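Trainee: I have a structure to learn today. Could we go through it together?
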Amino acid sequence: MKTYPNVYIFDHPLIKHKVSILRDKNTGMKEFRELIEEITTIMTYESMKDVELVPVEVETPLEKTVQYRVPEESVAIVPILRAGLGMVNGVHRVFPTARVGHIGMYRDEETLEPREYYCKLPDGIEQKTVLLVDPMLATGGSACDALEALKKRGCGNIKFMCIIAAPEGIEAVAKAHPDVSVYVSTLDRCLNSHGYILPGLGDAGDRLYGTK
Ligand code: PRP
Ligand code: URA
């Protein structure tokens with residue numbers, strides 16, 4: 001696959017270890033949900049390496065010192081429903097005060113085209129660093145439309161984090177949104193004729209919520 005300057009693919013042994021368990025069809029719902037959260041937390045550290053810090057005065061037991069903190073209101077998490085919801089707690093472990101917006105998308109099973117059915121974002125989101133999350137990037141249709149929806153509402157600083165991506169999806173997002181930094185835990189081989197990622201992990205929403 002061609003490389004893109006705005007796409008970062010992780011090469012981390014702990015992520016490899018956890019993704020191998022995530023993929024296993026015998027991994028149950030509870031462990032699947034926990035692994036999605038843990039992988040998201042690891043990815044959040046890397047994807048927020050350039051987050052803005054502000055100086056604060058702190059008094060230690062010994063003296064006053066100037067230290068640096070992330071302003072509480074500066075980060076928002078936006079999961080793409082449903083499966084993206086599984087990643088929210090993983091980001092909240094790192095940014096517990098981040099506001100959460102929701103974008104509802106589902107893929108038409110015939111055409112694979114995404115359909116937006118819900119969008120509710122925190123006030124002032126256009127001032128924040130927005131972390132859009134979805135575990136699966138397949139054709140890229142859902143992510144591209146969600147990024148479009150965020151930009152239409154004024155968001156200018158957006159990062160997108162996904163756990164498993166197909167080359168087709170990466171290409172689609174990188175080309176349509178070169179201004180968005182894309183963080184991918186694992187690059188897979190290709191899509192099958194039904195738009196599922198191979199080797200993939202199946203349907204992330206169903207595995208998170210036990211719907212099938
Ligand atoms: C999955 C996944 C992504 C989308 C990826 O959601 O969570 O949102 O498919 O596919 P794409 O890149 O081809 O658009 P799905 O539509 O199955 O909805 P769900 O999360 O409610 O199960
Ligand atoms: N959505 C999923 O949940 N899994 C895939 O493999 C593709 C899209």
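Mentor: We shall discuss the ligands, their pocket and a few points of backbone geometry.

Trainee: What should I know before reading the values?
Mentor: This is a predicted model, in which local features need pLDDT of at least 70 and side-chain atom pairs count only at pLDDT 80 or more, while totals for chains, interfaces and linings use all residues. Residues are numbered from 1 along each chain as its sequence is written, chains are lettered from A and ligands numbered from 1 in the order in which they are written, and side-chain values use heavy atoms, with hydrogens and water left out.

Trainee: Which residues come nearest to ligand 1?
Mentor: There are 16 residues around ligand 1, and Arg107, Asp134, Thr139, Gly140 and Ser142 come nearest. A residue counts as near if one of its heavy atoms lies within 4 Å.

Trainee: And which polar atoms of the protein lie by the oxygen atoms of ligand 1?
Mentor: An N or O atom in the side chain of aspartate 134 is 2.5 Å from an oxygen atom of ligand 1. The side chain of arginine 82 has an N or O atom 2.9 Å from a ligand 1 oxygen, and a polar backbone atom of alanine 83 is 3.1 Å from an oxygen of this ligand. A polar contact is a pair of N or O atoms within 3.5 Å; within protein, one must be able to donate a hydrogen and the other to accept it, and residues adjacent in sequence count only if both atoms are side-chain atoms.

Trainee: How much of ligand 1 does the protein cover?
Mentor: On its own, ligand 1 has 500 Å² of accessible area, and the protein covers 89% of that. The areas come from the Shrake-Rupley method with a 1.4 Å probe.

Trainee: Which element gives the most to its shell?
Mentor: That is β6, with three residues. The elements giving two or more residues are β6 (102-107), β9 (136-137) and α4 (141-152). Helices (H or I, at least four residues) and strands (E, at least two) are DSSP runs, numbered from the N terminus.

Trainee: Now ligand 2. Which residues are around it?
Mentor: Around ligand 2 are Arg107, Met136, Ala138, Gly195, Tyr196, Ile197, Gly202, Asp203 and Ala204.

Trainee: Which backbone atoms lie 2.8 Å from ligand 2?
Mentor: A backbone N or O atom of isoleucine 197 lies 2.8 Å from an oxygen atom of ligand 2, and a polar backbone atom of alanine 204 is 2.8 Å from an oxygen of the ligand. For glycine 202, a polar backbone atom is 2.8 Å from a nitrogen atom of ligand 2. The protein covers 89% of the 240 Å² of accessible area that ligand 2 has on its own.

Trainee: Changing topic, which peptide bonds are cis?
Mentor: A cis bond joins leucine 81 and arginine 82, with omega about -5°. The bond from leucine 198 to proline 199 is also cis, with omega near 0°. Arginine 82 lies in the loop between β4 (75-81) and α3 (88-92).
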